[in-house]
Amino acid sequence: EVKREGVEVIIALDVSNSMLAEDIAPSRLERAKQAIAQLVDQLRDDKIGLILFAGDAYTQIPVTNDYLSAKMFLESAGPDAVSKQGTSIGSAIDLGMRSFSPAGDRSKALIIITDGENHEDDAVAMAKSAAEKGVVIHTIGIGSPVGSPVPVTLNGKRDYLKDADGNTVITKLDEEGLEKIASATGGRYVRANNTSLGLNE
C-alpha cells in the first residue's frame, strides 16, 4: 500500500462577462463549473478552494475538504458575484497565494480558468513570486482565439454586448499570456475545447 498525501488545489475561476460567450457549449462559464464539479468528485484526501475573479478577486470557498458545500457554492458562481468587471489575473494569483494553508508540506497548485483577456496587472510577476513560495500555477484557456460575441439579455430580449460605438464586442482567448504565467511557475497551460476542459490533465 502507498499512502497518498493529499494536495491543496485552489481554482481561480474567471466570472467576467466574457465568460458567458458560447463558443464552448453551453457557455464558457457553465462548462468550467461542470468540469470543476467533476474534479471535486474525484478528490479524496485533498483540499479545494475556489476564488472568483473579474476586476477584483474574491474567495468563494475557503480551502476545505467539505466537498459537498464546495459544490453547492460553485453553483452560484457567476458575473453577479463580483462588483467590478475586467480580468485581473494578478489579483487572483495574489489572493490564491494567501489562501493556501500556511503550514503543511502538501503540494500546492493554483489552477486559473480564464479567457485571459485584458490583464489589468502584471500577472507574470505575481506568478514568479508564487513560484518562490512553492506554488505551481496551471492555466486553462477557455474560448477560441478567433473570438466570440458575449450574449446579454436586455429588457427580456437577447442581444450581444456592444461597445460605446455600438459595435458587437468580440472576446478572444489570449493564449500567450496564459502560457507565460504557467511557465513562470513550472506549471502547464491547457486549452479547453468542447470535449474536455483540461482539468483532469
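**Figure 1. Salt bridges across the predicted model.** The count comes to 10 salt bridges, a salt bridge being a side-chain nitrogen of Lys or Arg within 4 Å of a carboxyl oxygen of Asp or Glu. As background, side chains of opposite charge can pair when their charged atoms come close. Please keep in mind that this is a predicted model, in which local features need pLDDT of at least 70 and side-chain atom pairs count only at pLDDT 80 or more, while totals for chains, interfaces and linings use all residues. Residues are numbered from 1 along each chain as its sequence is written, and side-chain values use heavy atoms, with hydrogens and water left out.

Figure 2. Asp-115 forms a salt bridge with Arg-28, and their closest N and O atoms are 2.8 Å apart. Asp-115 sits in the loop between E4 and helix H4 (123-132), while Arg-28 belongs to helix H1 (residues 28-42), so the pair ties together parts that are 87 residues apart in sequence. Helices (H or I, at least four residues) and strands (E, at least two) are DSSP runs, numbered from the N terminus. Asp-115 is buried, with a relative accessible area of 0%, and Arg-28 also counts as buried at 0%. Here, buried means under 20% relative accessible area, exposed means over 50%, and partly exposed is in between (1.4 Å probe, protein chains only). Asp-23 joins in as well: Asp-23, Arg-28 and Asp-115 are linked in a network of salt bridges.

**Figure 3. A bridge between two loops, Lys-84 and Asp-56.** In this salt bridge the closest N and O atoms of Lys-84 and Asp-56 are 3.8 Å apart. Lys-84 lies in the loop between helix H2 (67-75) and helix H3 (89-99), and Asp-56 in the loop between strand E2 (47-53) and strand E3 (57-64), so the pair ties together parts that are 28 residues apart in sequence. Lys-84 is partly exposed, at 41% relative accessibility, and Asp-56 is partly exposed at 28%.

**Figure 4. A pair within helix H5, Lys-180 and Glu-176.** The side chains of Lys-180 and Glu-176 meet in a salt bridge (3.4 Å, N to O). Both residues lie in helix H5 (residues 175-183), 4 residues apart, which is about one turn of the helix. Lys-180 counts as partly exposed at 45% relative accessibility, whereas Glu-176 counts as exposed at 52%.

Figure 5. Strand E7 (residues 151-154) and strand E8 (residues 157-160) run antiparallel and are joined by 4 bridges; two strands pair if DSSP finds at least two bridges between them. Leu-154 stands opposite Lys-157 in E8. With 2 residues between the strands, the hairpin has Asn-155 at a positive phi near 50°.

**Figure 6. The largest pocket and its lining.** The largest pocket has a volume of about 200 Å³ and is lined by 13 residues, with Ile-111, His-138, Gly-198, Leu-199 and Glu-201 nearest its centre. Strand E4 (108-114) and strand E5 (135-141) are the elements that give two or more residues to this lining. On a 1 Å grid over the protein atoms alone, a pocket is an open set of points where a 1.4 Å probe fits, with protein on both sides within 12 Å along at least five of seven lines, and lining residues have an atom within 4 Å of a point. Grid points are joined across faces, edges and corners, and the volume is the space filled by probe spheres set on the points. By class, the lining has 8 nonpolar, 3 polar and 2 charged residues. Ala, Val, Leu, Ile, Met, Phe, Trp, Tyr, Cys and Pro count as nonpolar, Asp, Glu, Lys and Arg as charged, and the others, Gly among them, as polar.
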